[in-house]
Amino acid sequence: MAHATETDVLEELARLPTMAHPTVSPDGDEIALYYDISGRNELHVLDVESGDLEQWSAGEVPRNARWYVSWGTDGDRVFFHLDEGGNEQNDIHALSRDGSVEPIVQMDGQVAIQDVGDDGRTLVLGSSRDGQMNLYRHDLETGETTKVTEYERAAGGATLSPDCDRVAFTTNESDDYNNKDVYVMDVDGSNPRNLEIGDDGAEAGANDWSPDGTRLLVSDNSEDLGRAGVYDLKTDTIEWYGTGEFEESGSTFLPDGERILVTRSRDAIAVPVVYDLETGEGRELDVPDGVASLGGYGPGNVVIDDDRVLIQHTTPTRRPELLVYDLETDSYETLLEAEYGPFDPEDFADAEYLRVDSDGVPETTQAAVEYEPYDELEIGALFYDSGERPSPLIVNPHGGPRARSTKAFNLYTQVLTALGYSVLQINYRGSTGRGREFVRELHDDWAGAEQGDVAVATEHVLAENDWLDDEHIVVFGGSYGGYSAYWQMVQYPELYEAGVAWIGLTDLEDMFENTMPHFRTELMETYLGTPEENPDLYRERSPVTHVENVAAPIFLVHGVNDRRVPVSQARIFRDAMLEAGYEEGEDFEYEELGEEGHASSDQEQKLRMFELLADFLERRVGGN
């Protein structure tokens, strides 16, 4: 790659095959996953013993692999979510081994599989058909779909008992918006019972049923750091596991019913832990530092047999690969290796984990809202050195905001370092992995101390690395990271030479009115209340309110089909800049991405974003 052009590098990076949502079949013999090794996202099935990979789909599944897949009970078909151009208003379809596709559930709103019953006929779904996200039962034999919950707050996280007679799920009927409780009800929606796990105001969730259906693996953060426990439904008692030293969340029971798997977070890594329920002893699985995932978003199965489980593993320089881990021998084999194209792992920039003390108020002038110092907290960050001297810096806050940057392979980071930019990612207050109280530092304070943490961490790395070019600093983020990019540009205009705000929030009241119902309640109301309750907060913490502070070129990028953060957010900021006298093409640039919603994993759509980003940075900032 020594003589490759920039375009060559971007194309090669965009076309690196990526796997997503691996899930083990009911008999443990196969793994279904999305994989775009053909150039387009397709459903593939991987044989556990032989390693043979078979493509089942031929263009029927979405181009964007955001949404997970689930096996049918017979192991001969896979359910998938199908939307229009990334708008996430999913219907459910099934793809059979012979390649035939059948629509299963088609309703207005967003539909999401919660669980597939062992009886071969029951699906539990979440749907916003009637407004709020609630639970539905679908009978695969009759084709009938029945609504089984009716809550004002979102209901989700549902899992079916082995006999398919009961459903465990999570919702909130408390006056405390921070609260989440675990309920168990009959599969027809009758007899819901709050298990009253943990404290009021804490968050509990149901992860899995024991094989005999008498116990539930649950998670809770009553003690601040997340913990996993086993709830006995016969005695209404619970046993908690772990020392309380790390944030942990439950994953699954093992087939013997006497061991559980959980995920432990520490610093910027994630590692699976197996607990023996009789002794309470736990041990981390012996995998390299990085991010080792037990399934992911959605009801994926990771259990292959009594002692073998599926792990997806990645590091900052190693792309995700699938491992079969043997719990008896504490060893693993690589089942599906990552593809690197013309690159090697050592071509990629590694991450250094930093700790920065921050009181939320940087030395840089606060132009929009002036804050007094907050409580000083230790903030974690990841720093990627591009190797260029001097090096411009990209400040890249994560989305969520309830998320964190980890030591996982990040394609956008590697694109930026390949372009000659060092990258800083900050786990500001409000990020996950540090417990409930750290998360709640962000409640009622969007664009407050957490944005100060971003600027403080930026000042810190500039002070510690004199080879960074403090005249060439850019902020770039997507989703809540896009909100951060907008806010950094209006709050700390002296710090940045340019900004890129991708699918970001600009007008919080408009976001409240136009996002999906479960984002309205579980994101906006939970963090900020309603615009009626807190009109001043909504107005003050909206970047568009302070648009006149923008003092450097800013690039606004948004998918037209985004239903999480509607495209109106970008249009509002664009129009406000024009009204304030800024000139499009000179003071700011604007791009709407067609056939795309809240970002995309599709190779062509990723390449489009890479090229837009590279072009803007080259013209506005320079680089190598």
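Trainee: Which residues of α7 are buried?
Mentor: The buried residues of α7 are His 518, Phe 519, Thr 521, Leu 523, Met 524, Glu 525, Thr 526, Tyr 527 and Leu 528, where buried means under 20% relative accessible area, exposed means over 50% and partly exposed lies in between, with a 1.4 Å probe and protein chains only. Before we go on, keep in mind that this is a predicted model, in which local features need pLDDT of at least 70 and side-chain atom pairs count only at pLDDT 80 or more, while totals for chains, interfaces and linings use all residues. Residues are numbered from 1 along each chain as its sequence is written, and side-chain values use heavy atoms, with hydrogens and water left out.

Trainee: So why is α7 described as largely enclosed?
Mentor: Nine of the twelve residues of helix α7, which spans residues 517–528, are buried, so the rest of the structure largely encloses this helix. Helices (H or I, at least four residues) and strands (E, at least two) are DSSP runs, numbered from the N terminus.

Trainee: What covers those buried residues of α7?
Mentor: The cover includes α3 (436–440), α6 (508–514) and α8 (535–540). Just after α7, Gly 529 takes a positive phi of about 75 degrees.

Trainee: Where is Arg 541, and is Arg 541 buried or exposed?
Mentor: Arg 541 sits in the loop between α8 and β35 (554–559), and with a relative accessible area of 7% Arg 541 is buried.

Trainee: Which residues does Arg 541 touch?
Mentor: Leaving aside residues up to four places away in sequence, Arg 541 touches Tyr 371, Asp 445, Trp 446, Ala 447, Gly 448, Tyr 483, Trp 487 and Leu 508, a contact being heavy atoms within 4.5 Å. A polar atom of the Arg 541 side chain lies 2.7 Å from the backbone oxygen of Trp 446.

Trainee: Changing topic, how do α4 and α5 cross?
Mentor: The axes of helix α4 (residues 449–464) and helix α5 (residues 480–491) come within 11 Å and cross at roughly 75 degrees; axes are lines fitted to C-alpha atoms, for helices over the stretch in contact, and angles run from 0 to 180 degrees between N-to-C directions. The two helices, α4 and α5, are therefore roughly perpendicular to each other, a label for angles of 65 to 115 degrees, whereas under 35 counts as roughly parallel, over 145 as roughly antiparallel and the rest as oblique.

Trainee: And which residues make that contact?
Mentor: From α4 they are Glu 450, Gln 451, Val 454 and Ala 455, and from α5 they are Tyr 480, Tyr 483, Ser 484, Trp 487 and Gln 488.

Trainee: Now the sheets: what order do the strands β13 to β16 have?
Mentor: They form an open sheet of four strands in the order β13-β14-β15-β16, with antiparallel pairing, and two strands pair if DSSP finds at least two bridges between them. At the edges stand β13 (156–160) and β16 (193–194), each with a single partner strand, so one side of each has no neighbour in the sheet.

Trainee: How many bridges link β14 and β15?
Mentor: Strands β14 (residues 166–171) and β15 (residues 181–186) pair over six bridges in the antiparallel sense, and Phe 169 has Tyr 183 in β15 as its bridge partner.

Trainee: What about β19 and β20?
Mentor: Strand β19 (residues 227–232) runs antiparallel to strand β20 (residues 237–241), and five bridges join them. Their hairpin has four residues between the strands, and Asp 236 there takes a positive phi near 55 degrees.

Technical notes. A polar contact is a pair of N or O atoms within 3.5 Å; within protein, one must be able to donate a hydrogen and the other to accept it, and residues adjacent in sequence count only if both atoms are side-chain atoms.
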